[in-house]
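This report covers charged contacts, helix geometry and backbone angles in one model. Please view the sequence and the structure together while reading.

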Amino acid sequence: PQDRAEAVRLHRHAASQGHVPATVCLGILLVTTEPDFGGEPTQQREGALLLARAAQQREDTSVSDAALAFLGEHAGKREVVRACCIGCGQTKKLKVCSKCRVAKFCGAECVQRMWPVHKAGCRRFAAEDAASASAGEGGSEADRAVG
């Protein structure tokens with residue numbers, strides 16, 4: 001964890017200077033920081049947003065493609081799919097998945113393209129929320145839909 005913290009610090013500095021590959025690396029480090037390693041959902045969300053920002057840049061398509069691929073690989077994490085459209089990295093004007101009410105997409109094209117990636121997480125999110133709601137812990141359906 002100490003080496004990981006140092007890597008996050010160094011990548012955060014480079015990313016703040018506008019270094020896009022460092023932004024992608026920082027996003028990856030934060031998204032993959034699991035609770036066992038001191039990670040928090042807010043770190044995973046921050047990482048997803050950094051990857052989304054890198055995916056939106058057009059100067060280096062290989063960096064953009066790598067950021068999108070990584071978002072897709074981590075489509076089973078709630079904080080990742082809540083942060084941005086995993087299909088394109090868009091962060092504004094998103095719609096919530098009608099099945100799991102967790103994942104967000106920019107439109108039908110990304111939903112259709114990303115369904116094979118999102119399907120397993122979608123079913124798991126829906127089942128977890130249903131179990132949580134039946135146990136009295138889930139809050140209202142409207143709370144879950146807002147994401």
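The model is predicted: local features need pLDDT of at least 70, side-chain atom pairs count only at pLDDT 80 or more, and totals for chains, interfaces and linings use all residues. Residues are numbered from 1 along each chain as its sequence is written, and side-chain values use heavy atoms, with hydrogens and water left out.

**Salt bridges**

A salt bridge is a side-chain nitrogen of Lys or Arg within 4 Å of a carboxyl oxygen of Asp or Glu. Side chains of opposite charge can pair when their charged atoms come close. Searching the whole structure gives 7 salt bridges, including those tabulated here.

| Pair | Distance, N to O |
|---|---|
| Glu-6 and Arg-9 | 2.8 Å |
| Arg-78 and Glu-128 | 3.2 Å |
| Glu-109 and Arg-113 | 3.8 Å |

Helices (H or I, at least four residues) and strands (E, at least two) are DSSP runs, numbered from the N terminus. Glu-6 and Arg-9 belong to helix H1 (residues 2-16); being 3 residues apart, they are separated by about one helical turn. For accessibility, buried means under 20% relative accessible area, exposed over 50%, and partly exposed in between (1.4 Å probe, protein chains only). Glu-6 is partly exposed at 37%, and Arg-9 is partly exposed at 47%.

The side chains of Arg-78 and Glu-128 also meet in a salt bridge. This pair links distant parts of the chain, with Arg-78 in helix H5 (residues 78-83) and Glu-128 in helix H6 (residues 108-134), 50 residues apart. Arg-78 is buried at 19% relative accessibility, whereas Glu-128 is partly exposed at 36%.

Within helix H6, Glu-109 and Arg-113 are 4 residues apart, about one turn of the helix. Glu-109 has a relative accessible area of 62% and is exposed; Arg-113, at 43%, is partly exposed. Salt bridges with shared partners join Arg-78, Arg-124, Glu-128 and Asp-129 into one network.

**Helix H6**

At Trp-115, H6 bends by about 75°, and a proline, Pro-116, follows within four residues.

The buried residues of H6 are Cys-110, Met-114, His-118, Gly-121, Cys-122, Phe-125 and Asp-129. After H6 comes Gly-136, which has a positive phi near 85°.

A charge sits over a ring if NZ of Lys or CZ of Arg is within 6 Å of the ring centre and within 35 degrees of the ring normal. The charged end of Lys-99 sits over the ring of Trp-115, 5.9 Å from its centre.

**Positive phi outside glycine**

Lys-93, a residue other than glycine, has a positive phi near 55°. Lys-93 is placed in the loop between H5 and strand E1 (95-96) and is exposed, with a relative accessible area of 77%.

Arg-101, also not a glycine, has a positive phi near 60°. Arg-101 lies in the loop between E1 and strand E2 (104-105) and is partly exposed at 30% relative accessible area.

Definitions and conventions:
The bend at a residue is the angle between axes fitted to the seven residues ending there and the seven starting there.
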